[in-house]
Amino acid sequence: MTPAPSSTPAHSEELRAAARHFGRRRFLTTAGAAAALAFATQLPAAGTAAAAELDARRITEEPFTLGVASGDPPPDSVRGDPQPGSVLLWTRLAPRPFEPGGGLPAERVSVHWELAHDERFTRTVRRGRATAHPEFSHTVHVEVEHLEPGRDFFYRFRAGDWVSPVGRTRTAPAPWARPAGLRLGAVSCQAYHDGYFTAYRHLADEDLDVVFHLGDYLYEYAVNATGGARAYTDRTLPAVFNRETVTLEDYRLRYGLYKSDPDLRAAHAAHPFVVTWDDHETENNYAGGIPENSVPPEEFLLRRAAAYRAYWEHQPLRRPQPPEGPDMRLYRRLSFGRLAQFDILDTRQYRSDQAYGDGWQVPGPLSEDPARTMTGAAQERWLLDGWRASDARWNVLPQQVVFAERRDRPTADFKLSMDSWDGYPASRARILAGAESAGVENLMVLTGDVHVSYGLDIKADFRDPGSRTLGTEIVATSIASGKDGADRPSNYDRLTQANPHLRFFHGRRGYVTVTLGEESARADFRAVPYVTTPGAPVATAASLVTEAGRPGLTPA
């Protein structure tokens, strides 16, 4: 990992003052303090008339350089109670996204938006106006409600004479509907410096209802002038990227770099995204309020606040939910009729610290302590209560790190990853017991993080291959992280021998699509042969199915 700058990071004085208000003791005892700090400072004035306004006609350069995006059908809908269709639309005005401020003055800008049934906008459904505030990096989040459920819409933005690219989105089916099928994409881990986002170009061409991003949307590590493994010869990236992200401006600039990628922009324009973070959006392997490296807690509080703020600004997320204590609640529940319920987890903000100093370790009393948690108590209760109320055919758990047990070798001295659920086995056991108690028959976990594709059976007892299968886990490989990869990684034989519940293992970059139906679910693992040069083709590395009511993965 690139070390953090040795000098004191240039956090704003307002952010530092707010951090002093929280204080060291409060930070150490409240995992969500950084989230509260992120959304309690540098906010627009209560009355927009108090801020100066920039006439959008004075913008002389293309402002929609980072494209458009949509996401998040309405969360926590009540089954049986008619809920209108809803969607979140996003864009950012940034004529020069590689510069602080995005090339705009610190003035608010009026942005018009339009939603239609067709991409030529001859049948407009809704239109309106939003304000791009400089305090939010001139990002725009528009919640459009009372739409027809379960159908496609097209959208665009306008600022002055500039018109954005057109995006396609889709509302979720009505809560009481029984759709015949649902096709989703799952993606994760897109280190810009490790290669091109070619997989996103292919994902944009897929016929999907929704895409789940499972974390590591950006990396905090430095990106050099040639874009790392991209080895640019036609451009030179500015020096602002050749350092680790620490401050709010650092993170905003890094999102500008990532979202300038044309393949990522194409995927966002083609499909609605449902996003959740993992560690690299802030810092590698942080746990709750505990940083990876030995820095003062107050400094990590400031860094995490900056990272959380920039994440919300640059994603198609609804307005931050009212804090419960000081927590920003990213975990949420989305329903697609009675076919599927998605419980999107946050396994970073509330977790216990990794046992035994993190990494791959021999499990023992510290990692197996029943008090340890991956989710925090409140999120765990929310999940289990939601399962008890669910009448969905499939209960899907999009989250970050590998859920099933994963031994590193087929011998008695095996080690487990302390950053994954293997480092929190009591927490995993409570989740599985809660699923059984709630009568969840078709549990599917969607995972990212590890830069490979896995298909895993979730066992009642991983020590006994013959024990009952309680669900399945589909692990999406990375978009670029890990560079080109290999069909059979160097640890292929050891992992497949050590883990008989591991049904598929592949080490190239790509994504996974999952088709959910009443009778079965099918996962297609899509892979590209290289990412260190652009233009790779895509192919299906494998297809696995699991039958409803009979969990367990088999070849399609």
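This is a short chat about a predicted model of a protein.

Me: How many helices and strands are there in the protein?
Reply: In this predicted model, the protein has nine helices and 25 strands.

Me: And what share of the residues counts as buried?
Reply: Of its 556 residues, 61% count as buried, and the accessible surface of the protein amounts to about 20,600 Å², with 49% of that belonging to carbon and sulfur atoms.

Me: What about contacts, how much do residues 24 or more positions apart account for?
Reply: Taking the contacts with a separation of 6 or more, 73% are accounted for by residues 24 or more positions apart.

Me: Switching to glutamate 244, where is it found?
Reply: Glutamate 244 sits in the loop that runs between strand S11 (210-213) and helix H4 (248-259).

Me: Is glutamate 244 buried or exposed?
Reply: Glutamate 244 is buried, because its relative accessible area is 2% and the cut-off for buried is under 20%.

Me: Which side chain does its side chain make a polar contact with?
Reply: The partner is the side chain of arginine 303, in a polar contact of 2.8 Å.

Me: Now cavities: how many of 30 Å³ or more does the structure hold?
Reply: There are three of that size, and the second largest cavity contains about 40 Å³ of space.

Me: Which residues line the second largest cavity?
Reply: Its lining includes Trp394, Glu441, Asn442 and Pro551, and strand S20 (469-475) and strand S24 (539-547) each contribute at least two residues to it.

Me: And how does that lining split by class?
Reply: The lining of the second largest cavity is made up of three nonpolar, four polar and two charged residues.

Note on methods:
Residues numbered from 1 in each chain as written. Predicted model: local features only at pLDDT ≥ 70, side-chain atom pairs only at ≥ 80, totals over all residues. Heavy atoms only, no water. Helix = DSSP H or I, 4+ residues; strand = E, 2+ residues; numbered from the N terminus. Buried < 20%, exposed > 50% of the residue type's maximum accessible area, 1.4 Å probe, protein only. Polar contact = N/O pair within 3.5 Å; in protein donor to acceptor, adjacent residues only side chain to side chain. Contact = heavy atoms within 4.5 Å. Areas by Shrake-Rupley, 256 points an atom, 1.4 Å probe, with all protein chains shown as cover. 1 Å grid on protein atoms, 1.4 Å probe; cavity = no way out; pocket = protein on both sides within 12 Å on 5 of 7 lines; lining within 4 Å. Points joined across faces, edges and corners; volume = space filled by probe spheres on them. Nonpolar A, V, L, I, M, F, W, Y, C, P; charged D, E, K, R; others polar.
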